[in-house]
Protein chains: 4
Amino acid sequence: MIPRYTPADFTEHWSDDKRFEVWLTVELAACEAMEHEGLVPKGIAASIRAKKLPLSAARILEHERTTKHDVIAFLTHVEELAGIDARWLHRGMTSSDVLDSALAILLRDATDKILVRLDALLSALAIRAREHKKTPMIGRSHGIFAEPITFGLALAGHHAELARAKKRIQAAREEIAVGKIAGAVGTYAHLSPAIEARALAALGLKAETVSTQVVARDRHASLFSSFALCAAAIERFATNVRHWQRSEVGEAEEAFTAGQKGSSAMPHKRNPISSENLCGLARIVRAAVAPALENVALWHERDISHSSVERMIAPDVTSTLAFMLDRTKTLVEGLVVYPKRLRENLDRAGELYFSEAILLALVQSGMPRQEAYVLVQRNAMRAWSGDGTFRKNLQADNEVVAKLGNEVIAQCFNLDHALAHVDLIVERALAKG
Amino acid sequence: MIPRYTPADFTEHWSDDKRFEVWLTVELAACEAMEHEGLVPKGIAASIRAKKLPLSAARILEHERTTKHDVIAFLTHVEELAGIDARWLHRGMTSSDVLDSALAILLRDATDKILVRLDALLSALAIRAREHKKTPMIGRSHGIFAEPITFGLALAGHHAELARAKKRIQAAREEIAVGKIAGAVGTYAHLSPAIEARALAALGLKAETVSTQVVARDRHASLFSSFALCAAAIERFATNVRHWQRSEVGEAEEAFTAGQKGSSAMPHKRNPISSENLCGLARIVRAAVAPALENVALWHERDISHSSVERMIAPDVTSTLAFMLDRTKTLVEGLVVYPKRLRENLDRAGELYFSEAILLALVQSGMPRQEAYVLVQRNAMRAWSGDGTFRKNLQADNEVVAKLGNEVIAQCFNLDHALAHVDLIVERALAKG
Amino acid sequence: MIPRYTPADFTEHWSDDKRFEVWLTVELAACEAMEHEGLVPKGIAASIRAKKLPLSAARILEHERTTKHDVIAFLTHVEELAGIDARWLHRGMTSSDVLDSALAILLRDATDKILVRLDALLSALAIRAREHKKTPMIGRSHGIFAEPITFGLALAGHHAELARAKKRIQAAREEIAVGKIAGAVGTYAHLSPAIEARALAALGLKAETVSTQVVARDRHASLFSSFALCAAAIERFATNVRHWQRSEVGEAEEAFTAGQKGSSAMPHKRNPISSENLCGLARIVRAAVAPALENVALWHERDISHSSVERMIAPDVTSTLAFMLDRTKTLVEGLVVYPKRLRENLDRAGELYFSEAILLALVQSGMPRQEAYVLVQRNAMRAWSGDGTFRKNLQADNEVVAKLGNEVIAQCFNLDHALAHVDLIVERALAKG
Amino acid sequence: MIPRYTPADFTEHWSDDKRFEVWLTVELAACEAMEHEGLVPKGIAASIRAKKLPLSAARILEHERTTKHDVIAFLTHVEELAGIDARWLHRGMTSSDVLDSALAILLRDATDKILVRLDALLSALAIRAREHKKTPMIGRSHGIFAEPITFGLALAGHHAELARAKKRIQAAREEIAVGKIAGAVGTYAHLSPAIEARALAALGLKAETVSTQVVARDRHASLFSSFALCAAAIERFATNVRHWQRSEVGEAEEAFTAGQKGSSAMPHKRNPISSENLCGLARIVRAAVAPALENVALWHERDISHSSVERMIAPDVTSTLAFMLDRTKTLVEGLVVYPKRLRENLDRAGELYFSEAILLALVQSGMPRQEAYVLVQRNAMRAWSGDGTFRKNLQADNEVVAKLGNEVIAQCFNLDHALAHVDLIVERALAKG
């Protein structure tokens with residue numbers, strides 16, 4: 001979580017102040033649930049809440065230097081602020097009841113911030129996809145001209161992929177919105193399932209099915225996996241922008257703001273630096289999956305090896321992904337598309353992309369596929385090496401003309417036909433947002 | 001996919017023969033759909049299917065050495081077996097229409113094989129969890145004695161985690177059961193959405209929302225992520241078996257078959273080698289997530305960099321995970337549990353796990369939490385260093401007795417009370433299988 | 001290790017037969033060392049060696065099914081072939097003495113096979129780098145035209161990177177060429193450092209500094225890391241080939257063999273499939289680093305979790321990397337370079353790459369850098385947007401002409417000057433092979 | 001880089017202030033080298049240096065918000081502080097000349113800080129290894145009692161592994177201490193190899209063999225790999241501490257400071273939290289290897305995707321590893337070892353570890369190995385199941401006594417003999433620090 005790649009709301013979200021505030025929220029929810037069950041005198045939580053304790057992160061960290069235990073340090077501080085009533089807090093609970101329920105809240109809410117941004121990105125993509133759904137473009141496989149698509153179709157494909165990413169994050173969000181108030185080793189020795197259910201419900205969480213001392217870490221690993229899949233979807237889009245913008249292609253370009261300088265030595269350069277940046281950040285988000293998976297196999301009823309990992313990756317990954325989504329949205333909205341250049345590149349493909357139509361026509365006419373392939377290939381190869389155009393070569397190839405006639409050949413060279421279904425595909429995709 | 005870690009059905013599943021058989025199935029399904037739409041004469045597919053072509057993988061690979069193109073090699077072979085009708089196959093299609101729809105079938109079916117095994121493992125775990133749901137055990141956090149649990153509760157926790165793994169795999173299975181019959185760059189230039197839908201439905205697949213030349217690779221990455229999460233769940237179980245079996249713990253042990261030898265030098269040894277093996281294999285399954293994620297960002301309408309990765313990880317990961325599930329099931333079923341030793345270890349904890357009950361009683365009596373903590377700690381520490389038992393120390397501590405009285409102290413030392421909710425937790429977990 | 005990506009010598013190298021042969025070699029070397037120290041009667045090893053035992057992998061695996069222990073199965077088989085003398089084998093040794101010393105031999109020798117291939121690749125690159133060291137090319141940063149380089153310079157950069165990869169592999173090769181003959185937990189309880197040193201020297205190995213039951217696994221992790229770095233260097237080269245070959249660039253192309261077909265639907269296509277394949281395989285090799293690192297932290301004096309990982313990654317990674325090196329060498333040797341197209345692309349950059357020379361001349365003339373930058377940028381931007389050429393715009397810009405005069409402007413547009421040092425760089429790099 | 005896991009000197013080392021200071025150092029070194037070559041008037045650098053420019057990170061970042069280019073922002077700021085002379089800075093250079101040479105300095109110096117800490121850890125380990133080189137301990141393989149070792153031997157093994165880690169980091173340190181002053185695409189178009197060599201020598205760096213716009217990223221990946229290997233070595237040590245400290249083992253324990261509290265619910269607990277923390281942090285350091293490797297394959301003469309990755313992992317990984325080394329040293333120095341418990345656990349193994357000695361004696365007496373194995377096993381198994389001790393069972397086994405006699409049996413049970421070579425092994429290892 002470095003300032004450069006952290007949205008402002010995430011700086012606040014992962015602050016010490018916020019964390020301790022959420023801890024107190026959890027303690028009070030648990031306390032109220034215990035009041036309801038008669039384990040704690042009525043009104044304790046309400047009374048403490050009413051005091052609006054001015055929690056001091058600095059003071060808690062000071063206590064922690066002595067106790068080497070964060071939750072005890074926190075409770076000591078709460079006790080020094082709230083007085084004798086505070087002894088009712090944390091009754092029968094273990095530190096992880098607070099820590100893991102609070103982490104669930106923080107991760108759930110960070111995920112919600114991510115989902116809001118993902119929706120915004122999807123909307124931006126939908127607008128641009130519709131805008132360019134009829135802008136012809138040469139499709140490329142292996143970086144080599146293939147058959148025509150439209151620019152909007154390409155964008156719709158990215159929309160579809162990000163829509164799938166959203167669905168996975170939503171599923172993982174349900175998995176992570178799970179806390180525990182179940183005591184030292186998850187047995188409710190001094191608590192009860194009813195207390196836990198009530199406390200967690202107040203926090204918008206469900207209860208862990210079987211707690212150990214902690215909430216199971218496969219839930220967190222699943223969340224980080226869903227984030228990595230979203231980052232990979234962004235990486236694919238950013239990679240394509242980089243291709244579209246390269247000098248020889250020039251089909252689309254990141255917006256270039258006034259005052260921005262591309263290079264200290266080559267002032268004419270407009271580099272796709274946002275897209276390259278997104279590709280790098282995708283590596284960062286992806287890299288968190290392995291440690292998150294390694295965190296799962298805690299020993300017995302838990303060890304604390306997961307904790308240092310989460311202290312680093314939870315803020316880093318959520319804020320980086322949020323930043324990526326914001327940046328991608330800006331990129332999509334500002335993307336400068338050059339239909340003229342798109343058309344030029346399409347034309348440079350020399351209509352070779354109609355070879356499939358010719359091939360099919362030859363097969364339709366009764367020629368075995370492999371023979372037809374040879375006929376098409378020889379005319380295509382000549383055109384490719386600069387000898388005539390593909391269309392003219394075919395029209396001059398007696399064997400081809402004998403089979404198809406000039407009219408059928410002409411019908412094969414039809415861009416509208418090739419793109420006839422694109423509108424449907426794009427709309428089908430955008431409907432799934 | 002090495003023989004040692006490959007179940008027999010996976011050897012067959014990922015064979016060349018099987019792959020080419022599935023390719024033919026896809027071609028025929030597409031052909032039939034085109035017959036229905038009038039693009040191909042009626043009866044072609046049925047006629048080819050009736051010939052029960054004796055596909056030869058060897059012959060196809062021979063063709064591939066010349067053409068350097070697998071699908072063309074395959075079609076050449078089909079044409080040499082089926083004759084002139086074969087020219088109708090693959091009409092308007094691109095190689096990836098076949099390859100990706102076939103891969104979808106193979107991955108879907110491999111996933112189904114995995115899900116069957118996962119169900120069997122869940123059943124085995126449920127039986128053992130119920131068997132030992134009242135077998136007391138000392139819970140451990142940080143490897144240190146904490147509070148009592150039961151052996152069945154520990155197993156139920158693993159059951160719950162694997163049940164979540166199952167749910168994720170089921171979701172990813174839906175994502176991967178997606179093919180495409182959409183032509184060179186996904187535009188249906190010589191096909192139609194209707195043909196695709198009909199062909200894929202016959203194969204039990206859905207259509208990719210927006211194809212490029214290929215089905216989008218985030219789907220595959222999601223599947224491999226779900227496998228890694230399952231492997232991590234197994235790793236946690238296997239890690240615990242290794243702990244339970246270690247000499248000083250001795251609470252449970254892998255079944256040791258007649259004739260098996262633990263060590264060439266130390267014949268008395270019974271080593272948890274299955275569990276250790278499972279931990280290693282979990283690393284293998286986990287390692288596939290990164291390349292699967294790196295596969296997502298294909299260039300433009302596709303490059304083929306994903307293909308070599310998938311040729312290796314698709315068979316490796318699915319067969320390794322299936323092997324792991326089989327081995328874990330055998331491990332669970334054969335696990336030798338030692339209730340006597342479990343009880344001995346519980347007793348070695350010296351009832352210190354009742355410290356929380358004493359702490360709560362002191363707080364209940366009106367003492368601030370941190371003061372109560374000091375009282376409990378001093379008696380616990382003495383017991384821990386070998387000076388008296390925790391219970392007797394408390395009974396001899398005037399300050400404690402003054403607060404609680406001997407009767408309340410005695411009530412705090414109650415194992416049944418500590419485990420009162422375990423039955424509910426276990427049954428709640430098993431109900432979620 | 002799938003046939004498609006496995007060189008023939010690696011198929012043999014990682015066969016069961018080879019492994020058991022190496023095991024026997026280790027046992028006999030250890031036996032001879034013990035003979036020298038008087039622990040075993042003289043001549044035992046020579047006598048067994050003379051029998052040229054017809055080891056049967058099938059028979060050993062059969063024994064293993066009963067014993068569930070590979071080395072005991074092997075020794076049982078040796079005993080049934082060699083008779084009573086075989087009882088002297090393995091004296092005071094533990095299975096890992098054999099397994100780990102044998103693995104060291106196999107990995108060392110596989111590494112040597114890799115190094116031979118890497119040398120061949122370096123030679124091929126050197127030839128092409130020299131061939132094209134004066135072939136001008138537009139350098140690109142961010143995919144955008146920057147300043148001129150030469151094609152040979154680009155190749156020399158890949159040569160330098162692979163030469164570094166070689167040095168790292170050589171260092172890791174020394175680390176892995178380490179065995180142990182130190183008994184159950186590395187204490188030489190029934191052996192001695194002298195026996196170990198003698199036996200290992202005969203095998204071309206050094207002794208582990210401190211063995212546990214096994215050779216330490218950081219050595220293996222270091223080897224796999226060095227392989228991943230080599231694969232990454234190949235990936236960078238392959239990525240560049242893919243860029244050079246893309247339709248709009250067309251500067252270089254993979255050799256296309258007679259009979260090869262690029263696409264079933266678009267017969268004119270020549271796709272950089274070798275390069276794409278290499279990028280995919282680099283992901284596979286890279287993916288082995290994480291499990292290799294996870295293998296390091298074995299419990300106490302060892303657990304066997306590393307074994308399953310190594311059974312898979314040792315053959316997979318070494319053979320895949322060897323395959324990659326072979327393929328890259330073929331790619332380099334066959335690479336079709338198009339100097340005409342290189343020149344055309346250079347020209348498309350419109351001499352904007354001389355902007356730096358103009359900028360420097362302006363600064364030299366006394367203008368502050370940021371002012372000069374503005375002057376250069378305005379002329380460059382006009383040219384970039386199609387309004388005149390950069391050179392002509394400058395010549396028509398009164399402010400520029402006033403500062404520099406037309407002669408100095410002309411001197412700034414000098415390609416030979418820009419590339420004056422390239423020869424030195426290339427030769428300096430190739431000297432480091 | 002979160003405060004919790006960042007040593008103070010690393011906070012400063014990776015600050016904006018430090019970075020800009022190093023940038024200026026690089027610019028001035030380059031300027032002086034150009035002065036020497038006559039490209040810049042003599043004395044410029046000295047004059048600027050003499051001004052001790054009060055660089056303001058805040059002001060530079062402000063400029064960057066407009067220019068979106070960090071080095072241009074920096075130069076603008078230098079120009080506003082240093083005046084007209086500053087126009088001579090950066091002459092003929094590209095941003096990456098500054099950035100990459102500065103990064104080389106920062107990474108080299110961070111590595112040196114790490115190496116100092118690693119030496120301190122090795123010294124601490126050496127002291128404890130010697131202290132306990134004769135403290136007997138039961139060796140364990142698979143977590144099961146094997147044969148005796150000493151506690152010092154175990155520590156010496158960790159020392160040896162960390163000494164290897166040091167050697168790798170030293171090698172990677174040489175690789176990373178490489179800069180470039182070679183211009184836009186590494187051709188020295190307006191510079192020269194001589195200028196570069198002089199400037200870099202003044203900075204303690206060597207020149208990149210073949211630069212693109214940047215220094216090649218395999219160097220950085222190699223550095224991060226060496227760090228991951230060091231972290232893995234620490235992880236193995238920390239894992240063993242966790243095992244040694246667990247309740248049932250109790251052989252060694254992390255120092256527990258006054259005031260420290262193990263658990264809010266179980267005040268008697270002393271948890272190996274430092275060791276668990278180290279295991280978690282090892283995952284973090286390991287996770288950086290993959291993105292560092294992915295950074296290698298930059299496009300053409302560079303893209304900037306590596307930059308965001310390095311901004312995060314360079315500070316994170318170096319500071320985390322430094323923190324780990326500090327913490328491990330503290331852990332080693334404070335480790336409380338319990339020789340009495342070590343001996344008790346050794347005794348619990350029931351002398352079964354002498355089985356190998358008996359086996360060898362039987363083989364020596366002429367019995368085939370597999371027969372001897374059966375004899376040993378039956379007595380060992382009885383002892384293991386609680387029926388007699390291994391020694392007494394053997395003395396009562398007529399077949400064994402007939403072969404060996406009671407005297408030989410007695411000689412086999414000799415701990416000093418089993419540990420005779422340990423002193424040599426430990427000293428041999430420590431000599432390699």
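## Domains, matching copies and a helix pair

In chain A, the C-alpha centres of domain 2 and domain 3 lie 47 Å apart. Keep in mind as you explore that this is a predicted model.

**Domains of chain A**

- Chain A is divided into domain 1, domain 2 and domain 3.
- Domain 1 covers 3-14 + 17-88, and domain 2 covers 94-255 + 268-343.
- Domain 3 spans 352-412.

**Chains A and B**

- Two copies of a chain are related by a rotation about an axis and a shift along it.
- For chain B and chain A, the rotation is 180° and the shift along the axis is 0.0 Å, giving an RMSD of 0.0 Å.
- Which residue of chain B comes closest to this rotation axis? Ser225(B) does, with its C-alpha at 3.3 Å.
- Where the two chains touch, chain A gives 79 residues and chain B gives 78 residues.
- On the chain B side of this contact, helix H9 (residues 218-245) supplies the largest share, with 13 residues.
- That side of chain B is made up of 38 nonpolar, 21 polar and 19 charged residues.
- The copies meet through the same surface, because 100% of the interface residues of chain B are also interface residues in chain A.

**Chains B and C**

- Chain B can also be laid on chain C, by a turn of 180° and a shift of 0.0 Å along the axis, with an RMSD of 0.0 Å.
- These two copies are therefore related as by a two-fold rotation axis.
- In chain B, Ala287(B) has the C-alpha nearest this axis, 2.8 Å from it.
- Both copies use the same surface here, since 100% of the contact residues of chain B recur in chain C.

**Two packed helices in chain D**

- Two packed helices are described by the angle between their axes and the distance between the axes.
- Helix H6 (residues 95-131) of chain D packs with helix H12 (residues 305-334) of chain D at an angle of about 15°, and their axes are 9 Å apart.
- Angles under 35 degrees count as roughly parallel, so H6(D) and H12(D) are roughly parallel to each other.
- H6(D) and H12(D) have a left-handed crossing.
- Residues of H6(D) in this contact include Leu107(D), Ile114(D), Leu121(D) and Arg128(D).
- Among the residues they meet in H12(D) are Ala314(D), Leu321(D), Leu325(D) and Val332(D).
- How do the residues of the contact of H6(D) with H12(D) divide? There are 13 nonpolar, 2 polar and 6 charged.

Notes: Residues are numbered from 1 along each chain as its sequence is written. Chains are lettered from A and ligands numbered from 1 in the order in which they are written. This is a predicted model: local features need pLDDT of at least 70, side-chain atom pairs count only at pLDDT 80 or more; totals for chains, interfaces and linings use all residues. Two residues are in contact if their C-beta atoms, placed from the backbone, lie within 7 Å. Helices (H or I, at least four residues) and strands (E, at least two) are DSSP runs, numbered from the N terminus. Ala, Val, Leu, Ile, Met, Phe, Trp, Tyr, Cys and Pro count as nonpolar, Asp, Glu, Lys and Arg as charged, and the others, Gly among them, as polar. Copies are superposed by least squares on the C-alpha atoms of residues with pLDDT of at least 70 in both. Domain bounds come from an automatic or database domain assignment. Axes are lines fitted to C-alpha atoms, for helices over the stretch in contact, and angles run from 0 to 180 degrees between N-to-C directions. Angles under 35 degrees count as roughly parallel, over 145 as roughly antiparallel, 65 to 115 as roughly perpendicular and the rest as oblique. A crossing is left-handed if the near helix is turned anticlockwise from the far one by less than a right angle, and right-handed if clockwise.
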